[in-house]
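Student: I have a model open and want to learn how to read its features. Where do we begin?

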Amino acid sequence: MDRDEYFMDIALTTAAAGRGSVEPNPMVGAIIVRDGAELSRGRHEWFGGPHAEVNAISAARRAGVDIAGATMYVTLEPCCHQGKTPPCTQAIIDAGLSRLVVAMVDPDQQVVGGGIKALQDAGVRVDVGVCQSEAQQLLKAYCKLRRTGRPWVICKWAQTSDGFLSLPPGCGRWISGPESRRRVHEIRSECDGILVGISTVLADDPLLTDRSRSGRRRGPLTRIVLDTSLKLPLDSKLVATASDTPVLVATAADPHTADDMSDRGVELLQLPGCERGVDVEALLDELGRRQYTYLLVEGGPGVLASFIDSGLADELFVFVSPQKGNAFPCSRNLPFFDIAEVSARVPLKDPDKTPIGSDTLLHYYM
């Protein structure tokens, strides 16, 4: 690893700490270096706050460090427009930095090459492409939102080793172990919305909240229900907590037929219907307009299939328990969604496999 890659790797690690708190902005890290020694660093810490470049420059000034003529490593092309904060390009120029090393160009149409040009026009040497693939992986969701107008879709489920999504009544509530359930809440803490179908709500009456206590997400996690015919019970946990934590019901029905649901704080979103119920592509377009960066889809099997089989899923987290559903006489009545069957009809790359307690986590990129 050469010097540029070494410091860019640090900048990428620094940037990643912003996951869950900066969206829909990108995670960005910046390191200021002179003669192979780090002078300061910064990252984008929260949506609407100073960007990584400005934080790195401010950190150097607070420490009384002269950065004129130094090099900055930054994971994404600096912005060149006035948004919630002033343009970072001007801060870099004013600081007297002589070289900028950039991992990747910003796909945002307000930037895309403009930041690099502004710096070059001011006499700053700019080198682009160091650790580019790593930066693109870190910012995959941000890039998708900017290029397609849709959030990154994560499908998650827990299954027995033979593909069942729940156990019979009286055989325990949980398929997966406590370590897996903690990991699920960590994933929730990094997402903008969590989606299930009405069948899951009717069967389980879930709360669908983030209980990770990570404190990372900048706002509440929106609970989203695909409910074609507006069957969400008024006495459900979701409706009972809608005034505190947002609930969005996507439906093909006339929302005015459920004014009592709206009165309790539930937002009703009418979308086109399709063969499987609500048009999930229309839903993704709407969530993209609302600047959702990450959407977590938790099921049930019909909802998972609607995203995966139609090519709308980007990432899968599958928690596989050593338990076997077919060990129970009534297993044929249990919901079924086996990753082995999914991979038989949808091309999947080999997953990363991670032991997690007594379970195995299979992590796929589509």
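Student: How many salt bridges does a search of the whole structure find?

Tutor: The search finds 17. A salt bridge here is a side-chain nitrogen of Lys or Arg within 4 Å of a carboxyl oxygen of Asp or Glu. Some ground rules come before the cases. This is a predicted model, in which local features need pLDDT of at least 70 and side-chain atom pairs count only at pLDDT 80 or more, while totals for chains, interfaces and linings use all residues. Residues are numbered from 1 along each chain as its sequence is written, and side-chain values use heavy atoms, with hydrogens and water left out.

Student: Which side chain meets Lys156 in a salt bridge?

Tutor: The general idea is that side chains of opposite charge can pair when their charged atoms come close. Lys156 pairs with Glu298, at 3.7 Å from N to O. The pair links distant parts of the chain: Lys156 sits in strand β6 and Glu298 in strand β13 (residues 294-299), 142 residues apart. Helices (H or I, at least four residues) and strands (E, at least two) are DSSP runs, numbered from the N terminus.

Student: Is Lys156 buried or exposed?

Tutor: Start with the cut-offs. Buried means under 20% relative accessible area, exposed means over 50%, and partly exposed lies in between, with a 1.4 Å probe and protein chains only. Lys156 has a relative accessible area of 12%, so Lys156 is buried. Glu298 is buried too, at 14%.

Student: Where do Glu186 and Arg183 lie?

Tutor: Take the geometry of a helix. An α-helix has 3.6 residues a turn, so residues three or four places apart point the same way. Here, both Glu186 and Arg183 lie in helix α7 (residues 178-189), three residues apart, about one turn of the helix. They form a salt bridge, with the closest N and O atoms 3.4 Å apart. Glu186 is partly exposed at 39% relative accessibility, and Arg183 is partly exposed at 24%.

Student: Which residue forms a salt bridge with Arg290?

Tutor: Glu267 does, with the closest N and O atoms 2.7 Å apart. Arg290 is in the loop between α11 and β13, and Glu267 is in strand β10 (residues 267-270), so the pair ties together parts 23 residues apart in sequence. Arg290 is partly exposed, with a relative accessible area of 30%. Glu267 is partly exposed as well, at 34%.

Student: Which residues are linked in a network of salt bridges?

Tutor: Asp4, Arg99, Arg125 and Asp127 are.

Student: Why is helix α11 largely enclosed by the rest of the structure?

Tutor: Count its buried residues. Seven of the ten residues of α11 (residues 280-289) are buried, so the helix is largely enclosed. They are Val280, Ala282, Leu283, Leu284, Glu286, Leu287 and Gly288.

Student: What happens at the start of α11?

Tutor: Look for a polar contact. That is a pair of N or O atoms within 3.5 Å; within protein, one must be able to donate a hydrogen and the other to accept it, and residues adjacent in sequence count only if both atoms are side-chain atoms. At this helix start, a side-chain oxygen of Asp279 reaches to within 3.0 Å of the backbone nitrogen of Glu281. After the helix comes Gln291, with a positive phi near 70°.

Student: Which backbone nitrogen lies 3.0 Å from a polar atom of the side chain of Gln159?

Tutor: That of Ile339. Gln159 is in strand β6 (residues 152-159). At a relative accessible area of 1%, Gln159 is buried.

Student: Which residues form a nonpolar patch on the surface?

Tutor: First, the rule. Patches are made of residues with over 30% relative accessible area and no salt bridge; like charges are joined within 9 Å, and nonpolar side chains (Val, Leu, Ile, Met, Phe, Trp, Tyr) within 5 Å. Accessible areas come from the Shrake-Rupley method with a 1.4 Å probe; for residues, only the protein chains shown count as cover. Val105, Val112 and Val128 form the patch, with about 200 Å² of accessible area together. Val112 sits in the loop between β4 (99-102) and α4 (114-121). Val112 is partly exposed, at 41% relative accessibility.

Student: Which residues form a negative surface patch?

Tutor: Asp2, Glu5, Asp9 and Glu134 do. The place of a charge is taken as NZ of Lys, CZ of Arg, CG of Asp or CD of Glu. Glu5 lies in helix α1 (residues 3-16) and is partly exposed at 33% relative accessibility.

Note on methods: Lys, Arg positive; Asp, Glu negative; His and termini not counted.
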